[in-house]
Amino acid sequence: MAEPSGASIVLIGMMGAGKSSVGRRLARRLGWDLLDSDRQVEELTGRTVPEIWRADGEAAFRKLESQVLATALASATPQVIAAAGGVVLDEGNRRLLADHQPVVWLRAPVETLIARIKRGDGRPLLADDPAGAMTRLEAERRPYYQEIADLTVDVDNEHPADDVTERILRHLGLTSAAGTSPNL
Ligand code: S3P
């Protein structure tokens, strides 16, 4: 179980698990910045993720992803880091994440992920056969998420992002530090 150390909270999990929406809420509750690794890559390059993928390929994207993750984890200012689903593929990234606390895995049933990503995405890995790709990727990555996470939070369509956010804050012992803004 992670210590409420004031270190950045890292959210990991598959595409569609809700890292961005939960990350936004966590950041708001804590008064911290949200850093989304995909957005950081886009800021760094001035191109969108699909553009980078198309022009330079997945390997080039993964290098940029590792670069922004390392920079984010090295920040002395606590922030909420929404790490894109594929960060766990790289061994160096996994080592960095294993050394960092707290890392929170948003674990969703694969059926939930498939249902969610049907509602639009722009994710190159899911361009053809989204359900098949999601099933295969989830099975490949699940052991990595499990190995790295300090805290696992189950998410599904019964639990809106607000509930998930509250559970994370509670588990990390951060509820008293957080504000009680009613308009989350
Ligand atoms: C990917 C996840 C995406 C994005 C890219 C590849 C992956 O980010 O980085 O499409 O390999 O799981 P999200 O997890 O934020 O959707």
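Reader: To begin, where is the place of S8?

Author: This is a predicted model. In it, S8 sits in the segment before β1 (9–12).

Reader: Is S8 buried or exposed?

Author: S8 counts as buried, because its relative accessibility is 4% and buried means under 20%.

Reader: Which residues does S8 touch?

Author: Leaving out residues up to four places away in sequence, S8 touches W32, T77, P78, Q79, I81, H100, Q101 and P102. With Q79 there is also a polar pairing: a polar atom of the S8 side chain lies 3.0 Å from the backbone nitrogen of Q79.

Reader: You mentioned P102. What kind of peptide bond joins Q101 and P102?

Author: A cis peptide bond joins Q101 and P102, with omega at about -5°. Most peptide bonds are trans. P102 is in the loop between α5 (91–98) and β4.

Reader: Let us move on to β1. Which way do its residues point?

Author: I9 and L11 point one way from β1, while V10 and I12 point the other way. All of these residues are buried.

Reader: And which strands are joined to β1 by bridges?

Author: Strand β3 (residues 80–82) runs parallel to β1 and is joined to it by 3 bridges. Strand β4 (residues 103–107) is likewise parallel to β1, with 3 bridges between them.

Reader: What is the bridge partner of I9 in β3, and what does I12 stand opposite in β4?

Author: I9 has V80 as its bridge partner in β3. I12 stands opposite W105 in β4.

Reader: Now the open spaces. How much space lies in the largest pocket?

Author: The largest pocket holds about 740 Å³ of space. It is lined by 41 residues, of which M15, G16, K19, S20 and R123 are the closest to its centre.

Reader: Which helix gives the largest share of that lining?

Author: That is α1, with 5 residues. Helices that each supply at least two residues of the pocket lining include α1 (19–30), α2 (37–45), α4 (58–74) and α8 (161–171).

Reader: How many residues of the pocket lining are charged?

Author: There are 14 charged residues in the lining of the largest pocket, alongside 18 nonpolar and 9 polar ones.

Reader: What about cavities? How many of 30 Å³ or more are found?

Author: A search of the whole structure finds 2 cavities of 30 Å³ or more. The largest cavity has a volume of about 50 Å³. Among the residues lining the largest cavity are M14, W105, L113, E138, R142 and Y145. By class, this lining has 7 nonpolar, no polar and 3 charged residues.

Reader: With which side chain does E138 make a polar contact?

Author: The side chain of E138 makes a polar contact with the side chain of R142, at 2.8 Å. E138 also touches M14, A108, V110 and L113, not counting residues up to four places away in sequence.

Reader: One last topic. What is the phi of D129?

Author: D129 has a positive phi of about 45°, although it is not a glycine. Most residues other than glycine have a negative phi. D129 lies in the loop between α6 and α7.

Reader: Is D129 buried or exposed?

Author: D129 counts as exposed, because its relative accessibility is 52% and exposed means over 50%.

Methods. Residues are numbered from 1 along each chain as its sequence is written. This is a predicted model: local features need pLDDT of at least 70, side-chain atom pairs count only at pLDDT 80 or more; totals for chains, interfaces and linings use all residues. Side-chain values use heavy atoms; hydrogens and water are left out. On a 1 Å grid over the protein atoms alone, a cavity is a set of points where a 1.4 Å probe fits but cannot get out, and a pocket is an open set with protein on both sides within 12 Å along at least five of seven lines; lining residues have an atom within 4 Å of a point. Grid points are joined across faces, edges and corners, and a volume is the space filled by probe spheres set on the points. Helices (H or I, at least four residues) and strands (E, at least two) are DSSP runs, numbered from the N terminus. Ala, Val, Leu, Ile, Met, Phe, Trp, Tyr, Cys and Pro count as nonpolar, Asp, Glu, Lys and Arg as charged, and the others, Gly among them, as polar. Buried means under 20% relative accessible area, exposed over 50%, partly exposed in between (1.4 Å probe, protein chains only). A polar contact is a pair of N or O atoms within 3.5 Å; within protein, one must be able to donate a hydrogen and the other to accept it, and residues adjacent in sequence count only if both atoms are side-chain atoms. Contact means heavy atoms within 4.5 Å. Two strands pair if DSSP finds at least two bridges between them.
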